[in-house]
Amino acid sequence: MAQRAVWLIRHEPGTPLSGTVRFSRRYPTVEKRARILNGLSYVPVPEDGPFLKALLFQLRLLDDDKDFVERRDSCSHINKASIYGLSVGGEELWPVVAFLRNDMVYASVPLVEQALAPRPPLISISGVSQGLELLFGIQDFLYSSQKNDTDLNTKLNQLPDLLLQACPLGTLLDANLHNSLTSLNFASVTQQQKQPAWKVGTYKGKAQISISITEKVKCMQYGKQDIADTWQVVGTVTCKCDLEGSMPNVTVSLNLPTNGSPLQDIIVHPCVTSLDSAILTSSSIDTMDDSAFSGPYKFPFTPPLESFNLCYYTSQVPVPPILGSYHMQEEEVQLKITVNLKLHESVKNNFEICEAHIPFYNRGPVTHLEYKASFGQLEVFREKSLLVWIIGQKFPKSMEISLSGTLTFGVKGLNKQPFDHICIGNTAYVKLHFRISDYTLTGCYADQHSVQVFASGKPKISAYRKLISSDYYIWNSKAPAPVTYASLLP
């Protein structure tokens with residue numbers, strides 16, 4: 001559970017290298033362990049320059065990178081997580097944890113405590129989740145209360161000292177760098193309290209625990225018999241534990257209904273003290289069967305002071321929540337569209353928001369529109385060549401709605417209308433945006449009565465859950481070829 005190296009790279013389009021390394025830290029002792037543990041499959045961590053070029057290429061962030069590359073862009077290389085393999089010096093450096101936020105690329109290389117050939121499953125590499133937690137902690141530190149570049153530079157200058165405390169010798173002790181900053185400023189107070197290295201200070205006040213489950217559903221529907229639709233649920237369980245004492249212990253249980261979809265690919269926060277082996281071995285790569293572990297999923301942990309993500313998971317639900325079809329076809333100077341949507345009977349029919357966005361790329365502004373909607377309202381953004389179908393909070397009793405219309409477009413203005421490399425001709429989509437509170441697609445919930453707390457005082461326990469759409473596309477069935485997740489990556 002250690003990191004070989006950490007980088008912060010500023011993405012700067014238009015510059016010769018498309019980015020600069022703002023911070024890097026290597027851990028030679030961890031690198032020596034990697035050389036011994038990986039054996040013949042060991043690949044050394046490169047210098048900043050080659051690493052910068054290889055990572056930006058893999059993330060498609062280089063200015064001159066517009067060509068299709070088989071090993072990176074093929075449908076067989078769909079990336080479900082922020083884990084990459086970088087080609088450096090004729091060898092592949094894997095795994096590399098990396099993601100882009102606010103024009104800053106956060107990256108680390110976790111230690112794999114075994115040979116890399118054959119490649120071990122990610123779930124067995126504890127350093128991956130630790131690397132993500134460290135990078136998220138750095139992100140929160142850099143951009144909390146940041147006002148300008150001067151504040152960012154000041155925080156970047158503080159990082160070396162903070163990582164000495166938060167991640168000594170490459171091993172993460174506390175992902176909250178604000179705690180490390182407080183520890184540096186008040187070292188004498190910290191020593192008197194004799195807190196664990198990863199937890200600075202204690203909470204004083206009313207005991208309470210908040211548990212929030214957020215599921216995001218991704219979907220690609222093509223409307224073709226020879227092309228299978230794809231969808232996936234990704235869940236995050238967030239906790240905030242306000243408990244007195246230096247080392248309170250909490251156990252949270254996640255439960256599923258009888259017909260719930262088992263949780264898979266579970267990654268936990270470093271504060272989790274133990275796990276059932278059945279939880280760790282449940283993977284989306286394996287074929288689903290009746291013997292799949294379906295809970296309860298128990299997570300014993302000693303919580304940090306701040307809000308944190310207790311775990312992440314995926315799930316293979318049997319059907320997407322909203323089924324749809326989209327037909328778009330040009331007839332002379334007009335464009336005819338038909339959209340049909342059906343809410344699955346098992347889904348809660350009570351939305352906070354539900355909209356269907358229908359963009360028209362590479363065309364002029366909408367000059368004329370005739371439409372008929374069986375339900376909801378339609379808003380037209382003429383200059384943006386966009387239709388927004390506001391469905392509202394509920395589907396009708398039939399659970400089915402439709403929209404049809406005929407559009408005419410004006411002359412395309414220079415750099416005014418939206419442009420897209422993929423959506424050319426009949427290649428087009430409808431993107432759904434919806435949110436449902438007090439509901440998860442898997443049925444996963446946190447039982448407030450089963451939460452075990454070993455601390456002074458009886459806490460108030462609250463639990464929330466919600467379902468959110470994320471990259472939920474319905475493609476024009478008249479399009480010549482399907483569009484995959486990989487082709488949508490930046």
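In the predicted model, Ala54 counts as buried because its relative accessibility is 12%, where buried denotes under 20% relative accessible area, exposed over 50%, and partly exposed in between (1.4 Å probe, protein chains only). Ala54 belongs to helix H2 (residues 48–58); helices (H or I, at least four residues) and strands (E, at least two) are DSSP runs numbered from the N terminus. Beyond residues up to four places away in sequence, Ala54 touches Leu86, Ser87 and Val88, contact being defined as heavy atoms within 4.5 Å. Gly85 lies 31 residues from Ala54 in sequence, with a C-alpha to C-alpha separation of 9.5 Å.

Residues are numbered from 1 along each chain as its sequence is written. Because the model is predicted, local features need pLDDT of at least 70 and side-chain atom pairs count only at pLDDT 80 or more, while totals for chains, interfaces and linings use all residues; side-chain values use heavy atoms, with hydrogens and water left out.

Ser129, located in helix H4 (residues 126–143), is likewise classed as buried because its relative accessibility is 16%. Its contacts, not counting residues up to four places away in sequence, are Ile267 and Val268.

The largest nonpolar core contains 39 residues, of which Ile322, Tyr326, Leu341 and Phe360 touch the most other members. Such a core is a set of buried Ala, Val, Leu, Ile, Met, Phe, Trp, Tyr and Cys residues joined through side-chain atoms within 4.5 Å. Strand S13 (residues 334–343) makes the greatest contribution to this core, with five residues. Apart from it lies another core, of 35 residues, including Phe141, Leu152, Leu159 and Leu172. Tyr326, leaving aside neighbours within four places in sequence, is in contact with residues including Ile337, Val339, Phe360, Tyr429 and Trp475.

Helix H5 (residues 149–166) comprises 18 residues and spans 24 Å from its first C-alpha to its last, close to the expected 26 Å, a value given by 1.5 Å times one less than the number of residues. A kink of about 45° occurs at Leu159 in H5, shortly before the proline Pro160; the bend is the angle between axes fitted to the seven residues ending at a position and the seven starting there. The buried residues of H5 are Leu152, Lys155, Leu156, Leu159, Leu162, Leu163 and Ala166. An α-helix has 3.6 residues a turn, so residues three or four places apart point the same way.
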